[in-house]
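Thank you all for coming; I would like to walk you slowly through one structure this morning, beginning with the chains and ending with how some of their parts meet. Please have a look at it before I go on.

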Amino acid sequence: MKNPVVSITFFVILFLISLIAVYLTTYIQVTVMAYGLFGGFIAAAVVGWLLLGGLSWIISKEFKGIFLLKYVLISMTATTLFTVLFTPILHLDHLTYFTPIFNVLISFIGLFFLFQILTPDVSRSKLLARISLFIFTWQTVVFTISYFSSKIHMKYTVEAPGYFASLKIKTPQEFEQDLQETFKAAAVENSKN
Amino acid sequence: MMHKNFLAALFVSVLSLSASVVFAKPKSKFNLYRNVSDICYQVKTSLSENAPKASYGTGFVVNAKRGWLITNYHVVSDVIQKKNSTYRNFVVIDGKPIQAKILDIDILRDLALIQIDYQFKSEIKLQSKAIKEGEKIFSFGIPKDLKLSMVDGIFNGYLENGPFHKILMSTPINGGMSGGPVTNNEGKLVGVNVSTLRNSDNISFSVPGKFVGELISHVEEGGARISDLDYGKNQLYLQSQILMGQNDIFLAMQKNWKKEVLNEWSVPMFGDLMKCWMQKLNEHIKTESEKVIAFGKFCEVPDSMFLSSDEKFEGTLFYTMNIFSASNKKLNRFQFADFLNGLFNSPKMLRNENYNNDEEEAPSTLHQCSNLKMKNKKNLTFQVSYCTSTYLKYPKIMETFFKMITYDDSGNNALIVNFILDGFTSDNAIEFLKKVVEDISFQKFNKDS
């Protein structure tokens, strides 16, 4: 840790691994979400937990240290703020290329803090458990927010890819039936006036 | 919107007018002007005889004894379109307004037959011989509330687009001349001034004279169902005319139904009924232009039916279609999806929200919407969003916004189709939408399969 070359190399490797891990996580999130929002949310959280948990296990193998809760909280808060701010501003839902970039950025900040605070006093299993908890919580927060932001978005526009993805595919006959029912509902609406 | 480039139109013609006096054959422009000035009058809408006019146009005598005049429907529509309207129509003769009664209307052609309690000395006669392209014609009317004016121009032929029939003229007509007659050099009726092409020089339209005769015959046969004072009855009559008109448009769309290739997609088109332009790409697309190849087409039925001058209405019933095909060249899956999302989300649909927010009276009911995924018989999966509502005044007339997106198997080629069907019945709209969805195919997909 004292050697600057080792530190910088580790810094770069850490960044690349976290980039791949988070990009993979996001890709899986989006893909799994095609089978339903709730299923996607659970699956993505689990996959993210496993992937980044694995990453943290590699880190903990090389550097023994103590995990300070306050840094975890800082990372989580930063993640939440980024998500809350950028989701509505940049129209970020699920299928957007901004999401993995911000995820990488945020996870990097979080892991950088972890790197800084690692000490040889904490057991590997404890460290793994704490990092896993952090990642799981992070994924939960991110996807809870994106789920509700998608719901809010839906209220004002009739289209949202995540919503479409969760829909059952209708046959031409079912499509016609849907048309019939919606047009009929419009006629009923008029009769109320 | 292109449909706003056309002012509402009117039709004038007489097939068999029981004229008591038909004006003499003019031998000069002087005679022509003098003769037409005897049958051409201002038609105004106002609260009373002496109240300031709310709107005005021109009308001309088609039956001197009965006091019948032809004008545009859009000139006199306020009286029958507005609930509890205190407006009345007047024909101004020698500066004196005489209250007029609407006998019948032809909403598709923008014509109205009105009657006043007055016996005229002469009436116009319908041109019986076929007029040829390039012949000189003369438009009459009272522009800008000034005085009767005669402008000469050229007859450029008939524009027949489904149920819409117009005469294309090179004649500088102006506001206030709506409803005025278009004659040949003998003073015989060729058409009725109806509209101009906005942002153009002297490109104008008139309603072929034969429709005037049809309207008069309809009244003489007792077919008219209109009354200045019965709002409910008028709305039903208007609705029946709109339904007939839109049914003709629907039939014309089916008759002209063709398939065209857009990029690698086969999409339905409607022949000459719809005019199409390459879609102007917005900023969002420009930024991705090197990474995505996108072609867009904007199509519309260039004619529309005038409904009302009420600002809460669009004023017209119209039909438009936007088609975009996009091929992904360099974007990743997320980027391409985001790009398509931008296309699919624009424009916004729900017009009613504005009215609800302002607590104004909306022209239509709240939109009923549906979002679904479906697979057509060619195995293409569509994401579909559509909203529909009915006009409060005309419960059978629907306003439908329809958007759909589909991909080929690779996920790198997409087609987005938007429709606005303003004026279809629910049965026709459903039939139309089903047919559009089934008629879309991806050519590479078909070749491989």
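This is a predicted model: local features need pLDDT of at least 70, side-chain atom pairs count only at pLDDT 80 or more; totals for chains, interfaces and linings use all residues.

Residues are numbered from 1 along each chain as its sequence is written, chains are lettered from A and ligands numbered from 1 in the order in which they are written, and side-chain values use heavy atoms, with hydrogens and water left out.

Now to the chains themselves, where helices (H or I, at least four residues) and strands (E, at least two) are DSSP runs numbered from the N terminus. Chain A has 7 helices and 1 strand, and along its sequence they follow the pattern α-α-α-α-α-α-β-α. Chain B, for its part, has 9 helices and 24 strands. If we call it a contact when heavy atoms lie within 4.5 Å, then among contacts with a separation of 6 or more, residues 24 or more positions apart account for 83% in chain A and for 66% in chain B.

Let me turn to a few buried places in chain B. Helix α2 of chain B, residues 73-81, is mostly covered, with 9 of its 9 residues buried, and Y73(B), H74(B) and D78(B) are among them. In strand β19, residues 319-328 of chain B, we find S325(B), which is buried with a relative accessible area of 0%. Leaving aside residues up to four places away in sequence, S325(B) touches L262(B), N263(B), W265(B), I293(B), A294(B), F295(B), A414(B) and L415(B). K403(B), in strand β22, residues 398-407 of chain B, is buried as well, at 3% relative accessible area; K403(B) and I420(B) are 17 residues apart in sequence and 9.0 Å apart in space, C-alpha to C-alpha.

How do the helices pack? Two packed helices are described by the angle between their axes and the distance between the axes. The axes are lines fitted to C-alpha atoms, for helices over the stretch in contact, and the angles run from 0 to 180 degrees between N-to-C directions. Angles under 35 degrees count as roughly parallel, over 145 as roughly antiparallel, 65 to 115 as roughly perpendicular, and the rest as oblique.

Helix α7 of chain A and helix α8 of chain B pack at an angle of about 150°, with their axes 10 Å apart, and are therefore roughly antiparallel to each other. Residues in this contact include L179(A) and F183(A) of α7(A), and I430(B) and L433(B) of α8(B). By class, the contact of α7(A) with α8(B) has 8 nonpolar, 2 polar and 3 charged residues, where Ala, Val, Leu, Ile, Met, Phe, Trp, Tyr, Cys and Pro count as nonpolar, Asp, Glu, Lys and Arg as charged, and the others, Gly among them, as polar.

Within chain B, helix α4 (residues 231-255) and helix α8 (residues 426-438) pack at about 15°, with their axes 11 Å apart, and that makes α4(B) roughly parallel to α8(B). Here Q246(B), N247(B), F250(B), M253(B) and Q254(B) of α4(B) meet N428(B), E431(B) and F432(B) of α8(B).

Finally, the aromatic rings. Rings of Phe, Tyr and Trp (its six-membered ring) pair if their centres lie within 6.5 Å, and planes under 30 degrees apart count as stacked, over 60 as edge-to-face and the rest as tilted. The structure holds 16 aromatic pairs over all chains. One of these, F183(A) with Y386(B), is stacked, at 6.5 Å centre to centre and 20° between the planes; F183(A) lies in helix α7 of chain A and Y386(B) in strand β21 of chain B, so the pair joins two chains. Both F183(A) and Y386(B) are buried. F419(B) and F432(B) form an edge-to-face pair, 5.2 Å centre to centre with 80° between the planes. These residues, F183(A), Y386(B), F419(B) and F432(B), belong to one aromatic cluster, which also includes F250(B) and W257(B).

Terms used:
Buried means under 20% relative accessible area, exposed over 50%, partly exposed in between (1.4 Å probe, protein chains only).
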